[in-house]
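Subject: Structure handover and findings

Dear colleague,

Please find below the structure that I am passing on to you. My findings follow directly after it.

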Amino acid sequence: MKENKYDVHIGERAKHMREVLGMTRSEVSEILGVNQASITNYEHGKTPMRASTIRKLCDIYGVSATWLLGIADTLRYKGEINGRKVELVEESPSVESPLKA
């Protein structure tokens with residue numbers, strides 16, 4: 001399967017949040033009900049994510065779909081990391097959407 005630049009970008013953001021929250025691929029795969037290889041493939045853009053998977057990841061990571069999809073460049077996270085309440089605001093490099101002409 002040909003790698004889609006957009007899928008890679010979504011996967012990079014998903015991986016970033018997983019690492020920021022200190023979660024393992026195993027933990028995320030258990031919550032999603034998929035195997036660890038699926039998480040790796042999502043994060044590397046080798047397997048496109050279904051809309052339902054994107055929605056679940058947004059819930060797990062506490063981020064908006066617009067940020068995960070690369071529509072918004074500012075990540076806003078308010079929640080807990082390692083038992084501590086945190087508020088994170090981070091600028092992400094924008095990616096050119098393949099949907100733009």
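The model is a predicted one, and its confidence deserves attention before anything else. Averaged over the chain, pLDDT comes to 81, and 80% of the residues score at least 70. The exception I would draw to your attention is residues 97–101, over which pLDDT stays under 50. For that stretch the model has 3 contacts beyond four places in sequence. Where pLDDT is low, the predicted coordinates should not be read in detail.

As to the overall architecture, the chain contains 5 helices and 2 strands. Their order along the sequence is α-α-α-α-α-β-β. The chain has 101 residues, of which 36% count as buried. Among contacts with a separation of 6 or more, 55% are accounted for by residues 24 or more positions apart.

Two packed helices are described by the angle between their axes and the distance between the axes. Here, the axes of α2 (residues 25–32) and α4 (residues 51–61) come within 11 Å and cross at roughly 125°. The crossing of α2 past α4 is right-handed. On the α2 side, the contact is made by V28, I31 and L32; α4 contributes T53, K56, L57, I60 and Y61.

Is S29 buried or exposed? With a relative accessible area of 6%, S29 is buried, because the cut-off for that class is under 20%. Leaving aside residues up to four places away in sequence, S29 touches V34, N35, Q36 and I39.

N35, one of the residues that S29 touches, is located in the loop between α2 and α3 (36–43). The relative accessible area of N35 is 47%, and N35 is therefore partly exposed. N35 and R25 are separated by 10 residues in sequence, and their C-alpha atoms are 8.8 Å apart in space.

With kind regards

Terms used
Residues numbered from 1 in each chain as written. Predicted model: local features only at pLDDT ≥ 70, side-chain atom pairs only at ≥ 80, totals over all residues. Heavy atoms only, no water. Axes fitted to C-alpha atoms, helices over the stretch in contact; angles between N-to-C directions. Helix = DSSP H or I, 4+ residues; strand = E, 2+ residues; numbered from the N terminus. Left-handed = near helix turned anticlockwise from the far one by under 90°. Contact = heavy atoms within 4.5 Å. pLDDT = per-residue confidence, 0-100. Buried < 20%, exposed > 50% of the residue type's maximum accessible area, 1.4 Å probe, protein only.
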